[in-house]
Amino acid sequence: MAYTKFGPLTIIPGENGSRVPFSTSLLVEGGQGAALVDCGSGFQILNEIKKEYAIRSVYLTHYHLDHIWGAYLFKDAEIQINPYDVKKLNDVEELAKASGMLSPADPESRKKWMKQLFEKPPENWNRPHWQPVLNLTEKWYPYGEELNVYGTKMLMIHAPGHTEGYCCPYFPEHGVLFAGDFDLASFGPWYNNADSDIDAFIASAKTTLETDAQIFITSHHKGVVDRKTYEELLKRYINKIYEREEKTRSAVKRGVAPDEMIYEEIFYFRKNLEQNPQLVISEIVGIAKHLDRLVRNGEPFEAYFEAFLQHFQLTRENIFYHTSSVPAQLQ
C-alpha cells in the first residue's frame, strides 16, 4: 500500500476510511527503530507494519478504544499514554467513570459495556475489544517536552476537551501536527464522556493553531489537510458546539420535558439512538454538559438542569469526571 510521507513520518490510514471504530496511525521511522502514534488502523494493517518495521515505541494520544485497540500487538515495544489516562487503562472502575458508563440511566447498557471489559475476546480480532489492552502499560509521557523519537523531535501538546488527557503530537522540524480527534467531521466535536469538557475543547482547538504546523493530520474523515484548509474547517467544526447549544436553549424554552430532550437530535438522530442504545448515554452526558454551560453563562435553567439530572438518576459526578491520580507535577 502506498502511504503519504513527510520525511520520517508515514501516515497509516485506518480501514473503512478511518471511520470509527478504526483510526489513522502515524509511523515515525529512525535509524535505531520506529514508533507508532495510536494503534487503531486495523488488525491486518498493523500486522503488516509490525512485520515490516522494528516498532520499539508506541505513543497513545488518549484512552478511547478506536485509538488503542491494536496496541496489544506491540507488547514488546515501550507503550506510553498520557499521564491522565494511565489509571483508566489499569482500573476498570476509573475507565467506566471517565467514559460516563457509571450512570444508572441505562443499567443494561452499562452492564453490557462492563461485561465486554472482561469477556473472552472474539475470534475476529479485527473487532475492537477492551480486554487485550487493559493493564497494557503503566508508563506515561510528559506534555510539552521535546522527545527524541529515534532522531525526530516530537512534543505532546495537551489539548483537553475531547477527553481530559487528550494530546496532539507535534513534529516541529517537519511542520506536522497530528490533530487526531479534531477530525473536522460534519458531525462536529465529540465531548460526550464524563471527562470531556466543552470550554476546554474550544480552547484546545485554538491551541492547535498556536504551533507553526503547515500540515494537519486527523484521525478520522479528512486525513491530511494544509493549514489554510484546517483553519477554515476548524471554524465550521467548532461552530457545531454553538449550534447544539442553541438547540438545547430552544428546547428548554419550548418546554420540552427532560425525557424528550434526548430526542431533540442535539447530537445523534433519533433513529441512531433507537438502533444503538449505548449512544443514549453519550446523548445524555452531552446534553447535561450543555445545560450546565448554559447555566454558568447566565441562563435561568438551574431548575431544568436539576430536573434533567433527577430524571436520568444522575449526579454531577456522573457527568463531570476528573482523575485524581495524575503525577504531582501536573496538579
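**Helix and strand packing**

Helices H6 and H7 are roughly antiparallel to each other, because angles over 145 degrees count as that, while those under 35 count as roughly parallel, 65 to 115 as roughly perpendicular and the rest as oblique. A word on the source: this is a predicted model, in which local features need pLDDT of at least 70 and side-chain atom pairs count only at pLDDT 80 or more, while totals for chains, interfaces and linings use all residues. Residues are numbered from 1 along each chain as its sequence is written, and side-chain values use heavy atoms, with hydrogens and water left out. Helices (H or I, at least four residues) and strands (E, at least two) are DSSP runs, numbered from the N terminus.

Back to that pair. H6 covers residues 198-207 and H7 covers residues 227-253; they pack at an angle of about 165 degrees, with their axes 11 Å apart. Axes here are lines fitted to C-alpha atoms, for helices over the stretch in contact, and angles run from 0 to 180 degrees between N-to-C directions. The crossing of H6 and H7 is left-handed, meaning that the near helix is turned anticlockwise from the far one by less than a right angle; clockwise would be right-handed. Which residues in H6 and H7 meet? From H6 there are Ile198, Phe201, Ile202 and Ala205, and from H7 Leu234, Tyr237, Ile238, Ile241 and Tyr242, with contact meaning heavy atoms within 4.5 Å. By class, this contact has nine nonpolar residues, no polar and no charged. For the classes, Ala, Val, Leu, Ile, Met, Phe, Trp, Tyr, Cys and Pro count as nonpolar, Asp, Glu, Lys and Arg as charged, and the others, Gly among them, as polar.

H6 also touches H10 (residues 278-296). The axes of H6 and H10 come within 10 Å and cross at roughly 85 degrees, which makes H6 roughly perpendicular to H10. In this contact Ile198, Asp199 and Ile202 of H6 meet Lys289, His290, Arg293 and Arg296 of H10. The classes here are two nonpolar, one polar and four charged residues.

Ile284, Ile287, Ala288, Leu291, Asp292 and Val295 in H10 meet Glu302, Tyr304, Phe305 and Phe308 in H11. Eight of these residues are nonpolar, none polar and two charged.

Now the sheet. How many strands form the open sheet, and in what order? There are six, in the order E8-E9-E10-E11-E12-E13, with mixed pairing. Two strands pair if DSSP finds at least two bridges between them. The edges are E8 (147-149) and E13 (224-226), each pairing on one side only, and the twist averages 30 degrees from one strand to the next.

E11 and E12, by contrast, pair in the parallel sense over four bridges, with phenylalanine 216 in E12 as the bridge partner of leucine 177.

Is E11 buried or exposed? Five of its five residues are buried, that is, under 20% relative accessible area, with exposed over 50% and partly exposed in between (1.4 Å probe, protein chains only). Val176, Phe178 and Gly180 point one way from E11, and Leu177 and Ala179 the other way. H7 lies across E11 (176-180), E12 (215-218) and E13, running at about 100 degrees to E13.

Three bridges join E1 (residues 4-6) to E2 (residues 9-12) in the antiparallel sense, and threonine 4 stands opposite isoleucine 11. E2 also pairs antiparallel with E3 (residues 25-30) over four bridges, where leucine 9 stands opposite valine 28.
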